[in-house]
Amino acid sequence: MPQLAEQQDTYQAAFDAFRREPAFGSGAEADAREVAFDRFLARGYPTTRDEAWRHTNIAPIAALSFERAAAAVPDTAALAAVAFDGVSHVAVIVNGRLSEKLSSLAGLPAGVSVTSAAVGAVPDVADLNAFVDLNSAFVEHAIVVDVAPKVVVEAPLHLAFVAVPGRAPALVSPRLVVRAGDGAQVTIIESYTDLGSGVTFTNVVADIHAAPGAFVDHVKLERQSNEAFHLATTIVRTGRGGTFRSHNVTLGGRIARNDIISVLEGEGAECTLNGLYVATGDTLVDNHTTIDHAKAHCPSHEVYKGILSGRARAVFNGKIIVRPDAQKTDAKQTNKALLLTDDAQINTKPQLEIFADDVKCTHGAAIGQLDEDALFYLQARGISLAAARTMLIHAFAGDVLNGIRTASVRDAAMRLVETQLSI
Amino acid sequence: MLLEIKDLRVRAEGKDILKGLDLSVDAGQVHAIMGPNGSGKSTLARALSGHPGYEVTGGTIRYKGLDLLDLQPEERACEGVFMAFQYPVEIAGINNAYFLKAALNAVRKHRGEPELDAVEFMRLARDRAKLLEMDQTMLNRSVNEGFSGGEKKRNEIFQMAVLEPTLAILDETDSGLDIDALRIVASGVNALRAPDRAIIVVTHYQRLLNYIVPDVVHVLSEGRIVRSGGRELALELEEKGYGWIEPEATGARA
Ligand SMILES: Nc1ncnc2c1ncn2[C@@H]1O[C@H](COP(=O)(O)OP(=O)(O)OP(=O)(O)O)[C@@H](O)[C@H]1O
Ligand SMILES: [Mg+2]
């Protein structure tokens, strides 16, 4: 396939250029990159013949010639817009590199650290697909958040991932590692923003571990430009009695895809995967989630909601695995989408793989337009049709956004929903 | 005349429901509309409030000298038309007080009155909630969500008390109310009776009319008003049902 060859040439050139740089490293680190890159080339990008990518055609990504994103210094004024009111602990990661200078981490409580670590120093992640391979080949350093056992971090920690476009489309390959020790508690806000105009391709891999009894509240706010490509693989493991909560908000990107794999690997572990996405124009949002109930007595809750307009397309695939050991599993999944235009389209699929018998698994999906009866009710009280639509969209989005505990983040997300939908 | 409906014809989903309905209501009056199930009472209420699913295929509605059919539902509401729904809609995620404040301020803005801020609104809302002996916590719940049948009906009249409409159409507000609630809601409605306001109550039960005493009672059957009279007509209907009216109506049509 000529296209495949071209695509490989592009990445080969970028990889060759990387090889000549000190950041490529040497020894085991360099070897690991080579292995990952070979695997990426051998595998190639998924096509719509791959079940997990059936509705997500990544041809626009394959068609572009990317360069590895260069070191960049974002405009300070623009950077201010990335911050959230009242969130003072901020790590700024520009084109995948942690910037000590732009970050404000001095006030972090004892036992909490955000550091940049050699990739070889953090555990490997499973080579799930070509994008993980690509990340492993191009990642420079891992951003590591460590929270020591028993440490309760009251204030949220904002990891501000910023993509600064270059002359050629920029490939940004961040790797994030979050380790919450036994009984630790932390709220992490992972945001993605483009600063400047031009095409960026963020291909991030996050590895989150909540140790037994730990509580990790995780907000992911993707607000990149509608020209950006965003692919995120998030792997979460939660130990005995631990809790993981995810609020996955996707508001930008020409193609945005999240793969979240949440493994409940200890008894009584709990996870909540909530998501809100908005897609307009010609954009595509794909959320593939997997909740893997490996042990008994684990509840999981999942609510994904989407708002689509224009010719936007969305995919939701919610897999729930209940392993033979996972008796007394209680899994609930809901998936709703609002289609504001006739041309918007969603493909949604629950996927239950249940290998234990004493379990509760429920799932429901509702795809539709704004409720006509509710619109009329509001209008009949004097509220204009436009205002009534806005109110109903707010209510729909609020269902997920209200779960975000940091008010300024919640409000910023709601404003972005409004901006995207021009309401 | 506050409201003048002439030869109104309304169709929904290809079905002709109102087939030449005439009705005139003066300011200060209370009219009761009774009639068998499916005769078109709610359709009349929906047509008055501008429901998009109900197509007016003929006739006119003049209200305050305006051609009501020219107005969007929200414009009608801003002009003082209020319908208490037979089946109030549940709206998850929209706070009752927030919704009603938005509605009231839309109406006030239209009237050229200053909008109320949150404090002023809550003062008014609490006052009106008291009038209807309504649990204040209902203000902070989602619109009608999880409300009992009776609570929903009470919430409708509460909204009416806040919005102070010029023309109110109460569609079976009494059904689903227990005896005490009926008395409370009726006295709430009575408190809103005013010389510049008209109220149309749609009901199946004469009992409501003991509390809200109408000036005129109409019988709606098969899409038309087939008989009008005083209070005593309601008593007669209670006693004899609708059967005795129908032939006469047919006669009238011939
Ligand atoms: N949207 C609609 N589509 C199709 N038919 C409708 C629609 N709305 C009303 N109808 C029909 O029109 C007729 C009149 O309905 P309407 O609700 O006005 O009756 P009603 O007099 O209020 O009855 P009830 O006393 O039971 O409330 C009924 O036969 C009903 O099924
Ligand atoms: Mg009815």
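Here is a chat about the magnesium site, the chain contact and the salt bridges of this predicted model.

User: Before we start, what are the ground rules for this model?
Analyst: It's a predicted model, where local features need pLDDT of at least 70, side-chain atom pairs count only at pLDDT 80 or more, and totals for chains, interfaces and linings use all residues. Residues are numbered from 1 along each chain as its sequence is written, chains are lettered from A and ligands numbered from 1 in the order in which they are written, and side-chain values use heavy atoms, with hydrogens and water left out.

User: OK, which protein donors does the magnesium ion have?
Analyst: Ser42(B), through OG, and Gln86(B), through OE1, lie 2.0 to 2.1 Å from the magnesium ion (ligand 2). Donors here are N, O and S atoms within 2.8 Å of the metal (3.2 Å for Na, K and Ca), and since water is not among the atoms, sites may look incomplete.

User: Where do Ser42(B) and Gln86(B) sit in the chain?
Analyst: Ser42(B) is in helix H1 (residues 41-49) of chain B, while Gln86(B) is in the loop between strand E6 (81-84) and strand E7 (91-95), so the pair links parts 44 residues apart. Helices (H or I, at least four residues) and strands (E, at least two) are DSSP runs, numbered from the N terminus.

User: Is Ser42(B) buried or exposed?
Analyst: Ser42(B) is buried, at 12% relative accessible area, and Gln86(B) is buried too, at 13%. Buried means under 20%, exposed over 50%, and partly exposed in between (1.4 Å probe, protein chains only).

User: Switching topic: how many residues of chain A and chain B are in the contact?
Analyst: Chain A puts in 15 residues and chain B 30 residues, with contact meaning heavy atoms within 4.5 Å. Chain A and chain B bury about 1,700 Å² between them, 72% of it on carbon and sulfur atoms. That's the accessible area (1.4 Å probe) that two parts lose on being put together, summed over both.

User: Which residues of chain A lose the most area?
Analyst: Phe376(A), Tyr377(A) and Arg381(A), which together make up 46% of what that side buries.

User: What does Arg381(A) form a salt bridge with?
Analyst: Its partner is Glu156(B), with the closest N and O atoms 2.7 Å apart.

User: How accessible is Glu353(A)?
Analyst: Glu353(A) is partly exposed at 26% relative accessible area, and Lys319(A) is partly exposed at 22%.

User: What about Asp127(B) and its salt bridge?
Analyst: Asp127(B) pairs with Arg128(B), the closest N and O atoms being 3.2 Å apart. Asp127(B) is partly exposed at 41% relative accessibility, whereas Arg128(B) is buried at 16%.

User: Last one: which residues are linked in a network of salt bridges?
Analyst: Glu21(A), Arg68(A), Arg97(A) and Glu140(A) are linked that way.

Conventions: A salt bridge is a side-chain nitrogen of Lys or Arg within 4 Å of a carboxyl oxygen of Asp or Glu.
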